[in-house]
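Hi there,

Here is the structure I promised to pass on to you. Have a look at it first, and then read my notes below.

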Amino acid sequence: MEPGAYEVAPGVHRIPLPLPNDGLRAVNVYAVADGDELVLVDSGWALDEARDQLEQALGSIGHGFESISRFLVTHVHRDHYTLGITLRRMFGSRVSLGIGEQPSLEAILHGRVEGQLNDLVRWGAEDIAERMRQGMKKGGPRQDGYEQPDEWIRGATDIRLETRTLRALPTPGHTAGHLVFLDADSSLLFAGDHILPHITPSIGFELVRQELPLGDYLDSLRLVREHPEMRLLPAHGPVADSTHVRVDELLDHHRRRLDETEHALAQDEATAAEVAARMGWTRHNRKLSEMDIFNRMLAIGETSAHLDVLVRDGRLRSSTVDGVARYRA
């Protein structure tokens, strides 16, 4: 990842900002010209290094933090939301977020993790839930960097800038309140984590999980596919010329993953955690036991999301005893 501001369309610059982990190395923030000001799609993680790189990148196109009138945030995850909150405190920029993120943001602000602990128990991952409980006793959940937005975006909404109109479109799945922003006149899609060029986004791993997050995600992919072809401006990875091609690839991936999940269950009765342990993960086909605890949680939650869609479609059955869901053919 090379720091800087890269023009991806007239009046639109991609600014990659660093992340503090070994998985995703950068998040793309997009600076959109709005007269003498800027509107930023996403903001980055509230890290000193990210703030410094954003300041330098804006300077290279003749702007400073004071030029940012507004942050349009695709979803509430820390790497998209929290630097915007930091800069709002100092420069007064407005922060906008999809209304579907409100339950999870409230849970973050009040340290309520019971829903996620219950999810882990439901998935058959009581051991991981217990580790989370012990971690909370030592330090509690991290709430730093989070505040309420200035504006909740409700439903599909046109956001009129000086030289363009961005349409906010709810695309639940990765999170309940995820938004993408469409610039139809310029054929640009600011996709957040909804559509990523080289990886598949995690589905429904949040403090307040929706009933059928994978079902929501697949519906959201189809919704975007109904729109005319656009250039893909993702939150992670390079810009791509075709949104439709990547949407079709993601739909195909999940079709195959549903088949693999059903096959992994076979004729047994098993929990999501047990099924996840039988499957390969990442492009390297790693075993669940080889992964760190955070990625194990993602994998088990992903498996649960696929199992629940298989139940909805009549391919599996499920029952819940003492808070633990078990699946069978």
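In which loop is Thr282 found? Thr282 sits in the loop between helix H8 (272-277) and helix H9 (293-312). Before I go on, a word on where this comes from: this is a predicted model, in which local features need pLDDT of at least 70 and side-chain atom pairs count only at pLDDT 80 or more, while totals for chains, interfaces and linings use all residues. Residues are numbered from 1 along each chain as its sequence is written, and side-chain values use heavy atoms, with hydrogens and water left out. Helices (H or I, at least four residues) and strands (E, at least two) are DSSP runs, numbered from the N terminus.

**The loop between H8 and H9**

Most residues other than glycine have a negative phi. Thr282 is not a glycine, yet its phi is positive, about 65°. Asn285 lies in the loop between H8 and H9 too, and its phi is also positive, near 55°. How open are these two? I use "buried" for under 20% relative accessible area, "exposed" for over 50% and "partly exposed" for in between (1.4 Å probe, protein chains only). Thr282 has 48% relative accessibility, so it counts as partly exposed. Asn285 is exposed because its relative accessible area is 57%.

**The sheet of seven strands**

Strands of a sheet pair through backbone hydrogen bonds, either parallel or antiparallel. Here, two strands count as paired if DSSP finds at least two bridges between them. An open sheet holds 7 strands in the order E1-E2-E3-E4-E5-E6-E7, with mixed pairing. At its edges are strand E1 (6-9) and strand E7 (151-153), each of which pairs on one side only. Neighbouring strands of this sheet are turned by 30° against each other on average, direction ignored (axes are lines fitted to C-alpha atoms, for helices over the stretch in contact, and angles run from 0 to 180 degrees between N-to-C directions).

Val41 stands opposite Leu72 in E5. Helix H1 (residues 48-60) packs on the sheet, touching strand E2 (12-18), strand E3 (26-34), E4 and E5; contact means heavy atoms within 4.5 Å. The direction of H1 makes about 155° with that of E2.

**The sheet of five strands**

Another open sheet has 5 strands in the order E8-E9-E10-E11-E12, and its pairing is mixed. Its edge strands, strand E8 (157-160) and strand E12 (231-234), each pair on one side only. The twist averages 25° from one strand to the next.

Now for the partners of E10. Strand E9 (residues 165-170) is joined to E10 by 4 bridges and runs antiparallel to it, with Leu169 opposite Val180. Strand E11 (residues 188-192) pairs with E10 in the antiparallel sense over 3 bridges, and Leu182 stands opposite Leu189 there. E10 and E11 form a hairpin with 4 residues between them, and Ser187 in the turn has a positive phi of about 55°. E11 and E12, by contrast, pair in the parallel sense over 4 bridges; the bridge partner of Leu189 in E12 is Leu232.

Val309 is found in helix H9. Val309 counts as buried because its relative accessible area is 1%. Leaving out residues up to four places away in sequence, Val309 touches Leu212, Leu214, Gly215 and Leu258. Val309 and Leu214 are 95 residues apart along the chain, but their C-alpha atoms are separated by 7.0 Å.

In helix H4 (residues 114-122), Gln116, Leu117, Asp119, Leu120 and Val121 are buried. H4 is followed by Gly124, which has a positive phi, near 85°.

Enjoy exploring!
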